[in-house]
Structures are given as structure tokens and as C-alpha cells.
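This report covers the pockets of one model and a helix beside them. Please look over the sequence and the fold before reading on.

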Amino acid sequence: MSIRGKIWSAFNDIRIFNDRLLDAHDIFDDLRQVTRESPQEPKRCATIFAPTHSGKSMCVKTYLETRVVDEAIKRGLFPKDMKRNEIASKQRIVIYITLEGVTTIKNLAEEILRALNVEAEGNTQQLLKLCYDHIVALGVELIIVDEVQHLRPTKQRSKYAEKNENDAGIANTLKVMLIRGVCPMVFIGVTEARTLLFGDDQLDGRVLEEISFDRLDYGVAAQREMFIEYLGMLGPKLKEHGLFEEESNLLDGDIPECLHVVSGGRVGYVSRIVEQAAVIAAKAGSPCVLRSHLEAAVDKWAIPRLIDYNPFPTGVRKAELK
């Protein structure tokens with residue numbers, strides 16, 4: 001395997017847990033508890049709306065690989081020596097789907113059925129009924145729908161949408177799915193998706209928790225500490241995953257400030273920058289990632305994708321440190 005390929009693969013496997021992520025996992029657990037303790041009652045939902053690369057999807061992946069896999073093994077559904085990512089993909093305690101392109105309610109139902117390993121054809125209402133039936137039969141406790149900005153309300157429906165799709169719109173259909181009491185749901189998407197879906201007061205009223213995964217504000221002490229903690233854990237991970245001989249210190253000097261400005265406080269982008277720096281460092285034969293490698297990574301990858309200047313050689317523009 002090439003150095004670059006090895007680093008890219010390792011970054012796919014790196015997992016960093018912080019308080020915000022663990023709090024979200026607790027909320028997912030609580031939603032599942034509602035399914036078990038109140039199976040016949042109408043269900044509600046939680047939401048995560050935040051900018052891209054804020055760690056939303058990684059939050060779900062880590063939840064599936066840890067708590068859900070632990071529960072699946074505890075219930076005897078899978079052997080404990082089975083690979084955790086394989087269990088995560090095969091278990092049906094929590095269903096996780098990611099929407100792509102312009103998506104209608106029919107597409108959503110098809111994706112849920114596909115995640116349940118059910119092949120079916122029919123109109124929207126027929127597919128939704130199959131979803132309800134199989135969710136109950138399989139004991140699904142939570143459905144997580146990622147990239148919900150791809151759902152289109154009736155008034156914005158594309159020409160490819162089914163003509164007889166519920167004219168009350170997507171928000172109403174999601175509300176009905178929850179009221180039917182099948183299982184709670186978590187909706188995840190970019191910030192703009194909140195008004196797209198939850199402009200409906202009745203659906204908005206079914207939100208139990210709005211989980212924050214917004215940009216980390218360097219001017220707020222608690223959020224600054226969370227950002228710095230992330231860097232403090234990410235550096236050693238590079239050695240832990242066999243990429244370098246020595247630990248990389250991402251807390252040295254003004255590195256945290258520079259990475260915050262470049263990433264806009266989004267930890268997903270921090271990982272992408274450090275990943276690029278790791279490739280540069282490894283090709284140079286360095287025992288760890290240094291400040292100079294981060295500077296080169298910003299020049300190579302982050303400009304103009306994320307920022308129009310490099311704060312490493314010029315210094316941080318204090319007005320942008322927020």
C-alpha cells in the first residue's frame with residue numbers, strides 16, 4: 001500500500017469521542033428506551049442541523065460501532081469476536097440511512113426497506129405500510145435519516161416525484177410516521193434543512209431535542225476547550241494508528257488558533273487538513289506531523305476551498321478567530 005493510501009485508510013478508522021458526541025449518544029439511547037417502554041404511543045424525534053463537516057455523520061457511525069454493537073452482542077444477536085463494523089452494518093436495532101439527490105417520501109420508504117433487507121415495489125402508501133410492518137416485526141428501536149436536505153416538500157417536488165404522493169407534503173408524512181408510533185427518528189442535515197422540514201409547527205412540536213453540532217466558537221471558553229481537546233486527541237492517534245514514530249503535537253504554539261480559523265471551527269475539516277499534512281510529513285520522512293506540514297497542507301488543500309489566506313506564515317487575523 002502506498003503511503004498516501006495507508007494514511008487515507010487510517011483516517012477512515014480514527015475515532016475521537018468528546019462530550020458533545022457522547023451527549024448525542026445519550027439522546028439516541030433515550031429515544032430507543034421510549035420505543036421499548038412505550039411501544040404503542042406516538043413517537044417523537046431529535047434533530048441535528050449543522051454546517052457540513054461538523055461531525056454529524058461521524059457521531060452516528062461511532063454510536064453504531066459502540067453502543068449499538070455492544071447491545072447487539074449482549075442480546076446474543078452476533079458473536080463478540082465478529083468485526084464491530086460488520087455488526088454495525090448488519091444489526092437492525094438502529095436503522096441508519098443517508099439520502100442522496102432529490103428524494104421523495106417514496107424514495108425514503110425505499111431506502112428504509114433497503115436498510116431492512118426488504119425488496120419491494122409499490123406506490124408511496126404501500127411502501128410506507130411495508131416499512132411500518134417490518135419495523136415492528138424486526139424490533140427496530142430508532143431510525144436515523146442523514147442528509148435530510150435532499151427531501152423535497154410537495155411545493156418544491158421535482159418532475160420525477162410520484163404524482164400521487166401525499167399532497168399534504170413531506171413534513172406531514174413524517175409527522176404521521178411518528179404519530180403512528182412505529183419508532184422515534186433522528187433527522188440530520190445541513191443548517192438550512194431545518195426550515196425546509198420543520199417550518200411545519202406540528203412536526204416541529206414533535207422534536208424532543210435539537211442536538212448542537214454547530215461550528216465551535218473559539219471565543220466561547222467551553223467550545224474553545226472542546227476544539228483544543230479534539231486536537232489533543234487527534235495528534236496521538238496518528239502514532240497509535242501506525243502512521244508515525246512519534247506523537248504529533250497539534251497544540252504547539254498557535255497551531256490551534258490557525259486550525260480553527262482555517263476550518264471555521266468544524267472538526268471534520270480539521271481532520272481533512274491534518275490528513276493532508278500527514279501525507280506531506282510521511283513523504284518527507286518526518287517522524288511526526290509538524291507545523292510546517294500543516295502550513296503546506298493549507299496551501300495545498302484548504303485554499304481556496306475553505307479560506308483565502310494561510311494563517312500559519314502570516315498569523316491569524318484576530319477578527320476571524322470566532
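Which elements each supply at least two residues of the lining of the largest pocket? They are helix 1 (3–13), helix 2 (19–37), helix 3 (56–74), strand 4 (185–189), helix 10 (221–240) and helix 12 (267–283). Helices (H or I, at least four residues) and strands (E, at least two) are DSSP runs, numbered from the N terminus.

## Basis

This is a predicted model, in which local features need pLDDT of at least 70 and side-chain atom pairs pLDDT 80 or more, while totals for chains, interfaces and linings use all residues. Residues are numbered from 1 along each chain as its sequence is written, and side-chain values use heavy atoms, without hydrogens or water.

## Largest pocket

A pocket is an open set of points on a 1 Å grid over the protein atoms alone, where a 1.4 Å probe fits, with protein on both sides within 12 Å along at least five of seven lines; lining residues have an atom within 4 Å of a point. The largest pocket holds about 700 Å³, the space filled by probe spheres set on points joined across faces, edges and corners. Of its 29 lining residues, Gly55, Ser57, Met58, Gly268 and Arg272 are the closest to the centre.

## Helix 3

Helix 3 bends by about 35° at Val68, the angle between axes fitted to the seven residues ending there and the seven starting there. Val68 is among the buried residues of this helix, buried being under 20% relative accessible area with a 1.4 Å probe, protein chains only. Just after helix 3, Gly76 has a positive phi of about 75°.

Definitions and conventions. Buried means under 20% relative accessible area, exposed over 50%, partly exposed in between (1.4 Å probe, protein chains only).
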